[in-house]
Amino acid sequence: DKITLHVLLLVGGASPEREVSKHSSKSIYTALIELGHRVTLLDPAYGLYQPRTVEDFFRDTDMFAISHGNYLPSFQNLPKDIDVAFIGLHGKWGEDGTIQGILELLDIPYTGSGVLASALAMDKDMSKVVMKDHGVNVPVGLYIQKDAFNTDAATEKIAAELGFPCVVKPNDQGSTCGLTICESREQLAEAYTKCFAISDQMIVEKFIAGRELTVGILGDTVLPVLEIRPLHDIYDYECKYTHGMSEYIVPANVTAAERDEMQRQTALAFKSLGCKGYGRADFRLTPEGEVFCLEMNTLPGMTSTSLIPKMAKHVGIDFTALIKKILEAAL
């Protein structure tokens with residue numbers, strides 16, 4: 001029997017990944033309608049002033065001023081009969097446990113991981129500590145806070161402990177926002193500025209030469225390994241979200257041992273952080289065959305170029321069926 005649910009779909013948000021969230025949510029919306037559910041859209045960044053039409057929620061330009069300060073007011077006039085929330089948000093204030101906390105207080109079941117797992121996975125430094133403790137192989141890195149920051153001291157420490165090339169990125173953002181690969185100490189100053197422009201926390205890691213791979217997980221099912229071959233030197237924002245800027249190979253052309261190791265580490269990372277529903281672990285594979293887990297994404301993208309849908313499709317789960325599984329896991 002088909003059960004019709006009243007789904008609250010959270011769209012947009014106030015993070016630097018707002019645009020991506022709109023694309024994800026549009027695909028999710030279409031699938032939910034196809035499944036026969038009733039959908040109420042909510043963009044928490046708009047507060048009390050919500051768009052009137054479906055098209056307006058997904059338009060490229062914003063209709064009103066957006067702010068994360070609008071999040072609480074936006075939940076004030078919700079219909080009373082919501083069955084479940086589908087979180088189509090990405091990045092800060094969506095993927096970091098805050099929106100999950102609001103939904104917990106409202107007693108609304110929601111898709112994906114809970115408050116703690118979401119907060120942990122969003123904090124790259126803390127998640128690495130937890131994952132490493134559970135036997136996941138993570139890159140060596142340094143954590144630096146903006147308020148305790150000294151340019152010269154940081155540069156010396158990075159040069160001495162990590163060397164070059166190294167990767168400088170915000171500790172609490174996704175989609176490679178604010179990320180720089182530094183080949184020499186001369187490039188660090190600009191990288192600091194770029195990172196601190198969008199975050200108060202910075203993480204610097206040794207650059208791992210090798211291939212870019214990712215593994216999705218759906219409940220207890222670990223999906224096939226996917227390889228990303230970006231046109232740029234790094235799988236950056238443009239390569240992630242522009243058609244034709246990256247080549248995706250699924251299943252990835254890796255040895256059985258490498259495949260098994262990445263899938264094992266994915267399940268381990270997911271479990272160690274306490275994740276639920278679905279997620280995606282990102283890896284670097286060195287030419288010597290060593291696997292490094294970079295991070296766990298608790299609300300991976302659901303756009304037409306996104307990776308979890310590609311992996312799911314390979315094992316016979318189309319996009320609509322994927323959305324159905326994620327929704328069922330939330331209930």
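This is a predicted model: local features need pLDDT of at least 70, side-chain atom pairs count only at pLDDT 80 or more; totals for chains, interfaces and linings use all residues.
Strands of a sheet pair through backbone hydrogen bonds, in either a parallel or an antiparallel manner.

The two strands belong to an open sheet of five strands, arranged in the order β10-β9-β8-β11-β12 with antiparallel pairing. At the edges stand β10 (246–249) and β12 (291–297), each of which pairs on one side only. On average, neighbouring strands of the sheet are turned by 25° against each other, with direction ignored. Helix α11, formed by residues 307–314, packs on this sheet and touches β8 (211–218), β9, β10 and β11 (278–285). The direction of α11 makes about 125° with that of β9.

### A pair of helices

Two packed helices are described by the angle between their axes and the distance between the axes. Helix α5 (residues 115–122) packs with helix α6 (residues 124–133) at an angle of about 105°, and their axes are 5 Å apart. Angles of 65 to 115 degrees count as roughly perpendicular, and α5 and α6 are therefore roughly perpendicular to each other. On the side of α5, the contact is made by Leu-120, Ala-121 and Met-122, while α6 contributes Lys-124, Met-126, Ser-127 and Val-130. Sorted by class, this contact of α5 with α6 has five nonpolar residues, one polar residue and one charged residue.

### Cavities and a pocket

How many cavities of 30 Å³ or more does the model contain? The count comes to two. The largest cavity has a volume of about 380 Å³. Its lining consists of 26 residues, and those nearest the centre of the cavity are Lys-169, Thr-176, Leu-179, Glu-212 and Leu-294. Two or more residues of this lining come from each of the elements β5 (166–170), β7 (201–206), β8, β11 and β12. Of these elements, β8, β11 and β12 are also strands of the five-stranded sheet. By class, the lining of the largest cavity has 12 nonpolar, four polar and 10 charged residues.

The largest pocket holds about 180 Å³ of space. It is lined by 10 residues, and the closest to the centre of the pocket are Ile-3, Leu-5, His-37, Lys-324 and Glu-328. The lining of the largest pocket divides into five nonpolar residues, one polar residue and four charged residues.

### Backbone features in loops

| Item | Backbone value | Loop |
|---|---|---|
| Phe-164 to Pro-165 | cis, omega near -5° | Pro-165: between α7 (151–161) and β5 |
| Val-250 to Pro-251 | cis, omega near 0° | Pro-251: between β10 and α10 (256–272) |
| Trp-93 | phi of about 65° | between β3 (84–87) and α4 (98–105) |
| Asp-107 | phi of about 60° | between α4 and α5 |

Definitions and conventions. Residues are numbered from 1 along each chain as its sequence is written. Side-chain values use heavy atoms; hydrogens and water are left out. Two strands pair if DSSP finds at least two bridges between them. Helices (H or I, at least four residues) and strands (E, at least two) are DSSP runs, numbered from the N terminus. Axes are lines fitted to C-alpha atoms, for helices over the stretch in contact, and angles run from 0 to 180 degrees between N-to-C directions. Contact means heavy atoms within 4.5 Å. On a 1 Å grid over the protein atoms alone, a cavity is a set of points where a 1.4 Å probe fits but cannot get out, and a pocket is an open set with protein on both sides within 12 Å along at least five of seven lines; lining residues have an atom within 4 Å of a point. Grid points are joined across faces, edges and corners, and a volume is the space filled by probe spheres set on the points. Ala, Val, Leu, Ile, Met, Phe, Trp, Tyr, Cys and Pro count as nonpolar, Asp, Glu, Lys and Arg as charged, and the others, Gly among them, as polar. Angles under 35 degrees count as roughly parallel, over 145 as roughly antiparallel, 65 to 115 as roughly perpendicular and the rest as oblique.
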